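Subject: Handing over a structure, with notes

Dear colleague,

I am passing on a structure for you to look through, and below it I have written out what was found. Please keep the sequence and the 3D view open beside this message while you read.

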Amino acid sequence: MTSKKKASKYIIGIDLGTTNCTLAYIKKDDDSAAIQQFLIPQITRDGEEESLPYLPSFIYFPLEEELKSQGQGISWDKERTFAVGKYAKARGEDCPDRVISSAKSWLCHYGIDRRKKWLPIAFEKENSALSPVEAIKEILSHLKESWDSSMDHPFLEQEIFITVPASFDPSAKQLVEEAARLAGFTSQILLEEPQAAFYSWLYRQKDTWREKLQVGDKILVVDIGGGTTDFSLIQVKENDGSLSLERVAVGSHLLLGGDNLDYALAYYIKEELENQNKVIDDWQFQALKAAASHAKEILLSDSEKEMVPITLMGRGSRLIGGAIKFELQKSVVLDLLVNGFFPSIGFENQALNERQMAFQEKGLPFARDARVTSQLASFLAMQSNNEEENSLFPTALLFNGGTMKAEAFRDRLHSVLNDWAASFGKPKIKLLGDEDYDFAVSSGAVYYGLAIKGKGVRIRSSLSQSYFIGIEEAIPAIPGREPPLKALCIAPYGMEEGSQEILASQEFALTLGKKVFFRFFSSNGLKSTSGNPPKMGSFIKNWKKDLIELHPIETKLGDEEEEEKMVFVTLKASFTPLGSLELSCQESDKRSWVLEFDLRKEEEKAKVG
């Protein structure tokens, strides 16, 4: 018998960032309490422990001589054989083949086995390597253990909310849940990062948000962190005479962020040095990237600085004498980054779908078009409907993420959006302001926890994608050819939590008593490439072009001893208030079977209803 979980005292919000993680909390029953950031203990130098408001999302495997000194050990685990956090990030600049970074981004990479132990990529000790899921588990474990090392109330007894990119597909979210379970988490809810950022803005505004927004406003949340870019649209609506908020659109997952900017500067400096007959090897390039990132932050945050000197240590016996120096000018940074990544373009200049080489190094699926403004144009173009072009064009703008600290980037994006608005005959876009670029996501997750208890404003949720299930066509068998497959829409874009869709006019053959696969697909935006918005019961034959295939569900339906047979069923889809998509297969007035696809917790399972 399992023991009853004790009443929680805190609400905890975790920003599981690609580059940095943060953790916020509040006493849930103290109406006078404020949301606070938790200081996370971590190794910052060899053998030195410090508590910081952020945890860099890096895992470092020390060299043999480092392991002997146990400098990576943390106060609650002196025997730990790896380091997590600031020290791991710093050592990764010197030993890039021994550090795991961007682990979260690997979770959405279909081209690899996300449960296989192979990170770091070039790591030689396979017995010490981690899978992407295990890497996330170690980061979450560190956060849990950090809390338990300094707080009186155990972490697992609290209400926990973990944020993920809004563009994470169901399988990636399910892997985050799996990592959390491996870390010992027993109950948690996933929340989209841009939505959390907006919740944080609502928390800071208190009741004044109603004075700044009105019915019909569409808030574009631009969230650009160290590794990813997320776009979301939230619409202000009227509900029984009061203002309400509804999330209406989410962009595709883009591996495009601050890391891209750092690489751009590092490659520029490398080319300039090589033009001076300097040789930069791979190890020095990693140090150069870190130095360029630091210089970028100084030049883009300090309006008086026009130049930052960069010193790159030499290699070999002339370590000091061989030092390489370079002066990075602010004008170069602005031209390279603002004009390169945020160019002023027309709305028609949308992201390119460039040809891809057949062979590539094993790595993350980075966005091939690095122009943020082009990616944004593509996102907004997908949100128009057949009745009114650009009907969901934003009227307000909220920035989030460390990359958006740079005023130059914010000004350029705002300017480009206003140019597009003018071309459509729409008013200028207002800036909401009062952003918290580093901690909005974790604090917003906490506020969401308050909101679902009636202690805050809640954003209504509807499906940001359309979901489909594969239906095998009934045709004569042909040697060497699988039966054609078409995709049936079972949950259209915009379907609201608590609603259901019934497809009573069609029957389908369902196999019982045998293990079978259910193939699932999704599509972003209001419409497919055919230009028509999907509806419940509509088919898409050209699904390879229009849809993204998700991980299949493999299960056996029917009683345990039931023989293999087929029954005819009708379908009913329900989007529950808990965020799961339930597909009910009803056999006339007899039995029914429910396939549950949890869009929030992403626990894929099938069960007899």
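Before we come to the sheets, one term is needed: two strands are said to pair if DSSP finds at least two bridges between them. Please also keep in mind that this is a predicted model, and that the values below are computed from it.

Another open sheet is made of 3 strands in the order 8-7-9, with antiparallel pairing. Its edge strands are strand 8 (83–84) and strand 9 (99–100), each of which pairs on one side only. Strand 7 (residues 59–60) pairs with strand 9 over 2 bridges in the antiparallel sense, and within that pairing Tyr60 has Val99 of strand 9 as its bridge partner.

Strand 4 (residues 40–45) is mostly covered, since 5 of its 6 residues are buried. It runs antiparallel to strand 5 (residues 48–52), with 5 bridges joining the two, and Pro41 stands opposite Ser51 in strand 5. The hairpin of strand 4 and strand 5 has 2 residues between the strands, and there Gly47 takes a positive phi near 80°.

Strand 21 (residues 485–491) is also described as mostly covered, with 6 of its 7 residues buried. Strand 20 is joined to strand 21 by 6 bridges, and the two run antiparallel, with Phe468 standing opposite Cys489 in strand 21. Strand 21 also pairs with strand 25 (residues 539–540), in the antiparallel sense and over 2 bridges, and here Ala487 stands opposite Ile540 in strand 25.

**Aromatic rings and charges**

Searching the whole structure gives 25 aromatic pairs. Among them is the pair of Tyr10 and Trp147, whose ring centres are 5.4 Å apart and whose planes stand at 80°; planes over 60 degrees apart count as edge-to-face, so this pair is edge-to-face. Tyr10 belongs to strand 1 (residues 10–16) and Trp147 to helix 4, so the pair ties together parts that are 137 residues apart in sequence. Are these two residues, Tyr10 and Trp147, buried or exposed? Both Tyr10 and Trp147 are buried, and they belong to one aromatic cluster that is formed by Tyr10, Tyr25, Phe38, Trp147, Phe155 and Phe185.

There are also places where a charge sits over a ring. The charged end of Lys206 is over the ring of Tyr203, at 4.1 Å from its centre, while the charged end of Lys486 is over the ring of Phe539, at 4.3 Å from its centre.

**Cavities and a pocket**

How many cavities of 30 Å³ or more are there? The count comes to 2 cavities. The second largest cavity has a volume of about 30 Å³, and its lining consists of Leu16, Gly17, Thr18, Cys21, Ser57, Ala103, Lys104, Ile136 and Ile139. The elements that give two or more residues to this lining are helix 3 (103–106) and helix 4 (132–150). By class, the lining of the second largest cavity has 5 nonpolar, 3 polar and 1 charged residues.

The second largest pocket holds about 1,000 Å³ of space. It is lined by 28 residues, of which Gly470, Ile471, Glu472, Ala509 and Phe517 are the closest to its centre. Two or more residues of the pocket's lining come from each of strand 20 (465–472), strand 22 (499–512), strand 23 (515–518), strand 28 (565–575) and strand 29 (580–586). The lining of this pocket divides into 18 nonpolar, 2 polar and 8 charged residues.

With best wishes

Conventions: Residues are numbered from 1 along each chain as its sequence is written. This is a predicted model: local features need pLDDT of at least 70, side-chain atom pairs count only at pLDDT 80 or more; totals for chains, interfaces and linings use all residues. Side-chain values use heavy atoms; hydrogens and water are left out. On a 1 Å grid over the protein atoms alone, a cavity is a set of points where a 1.4 Å probe fits but cannot get out, and a pocket is an open set with protein on both sides within 12 Å along at least five of seven lines; lining residues have an atom within 4 Å of a point. Grid points are joined across faces, edges and corners, and a volume is the space filled by probe spheres set on the points. Helices (H or I, at least four residues) and strands (E, at least two) are DSSP runs, numbered from the N terminus. Ala, Val, Leu, Ile, Met, Phe, Trp, Tyr, Cys and Pro count as nonpolar, Asp, Glu, Lys and Arg as charged, and the others, Gly among them, as polar. Rings of Phe, Tyr and Trp (its six-membered ring) pair if their centres lie within 6.5 Å; planes under 30 degrees apart count as stacked, over 60 as edge-to-face and the rest as tilted. Buried means under 20% relative accessible area, exposed over 50%, partly exposed in between (1.4 Å probe, protein chains only). A charge sits over a ring if NZ of Lys or CZ of Arg is within 6 Å of the ring centre and within 35 degrees of the ring normal.
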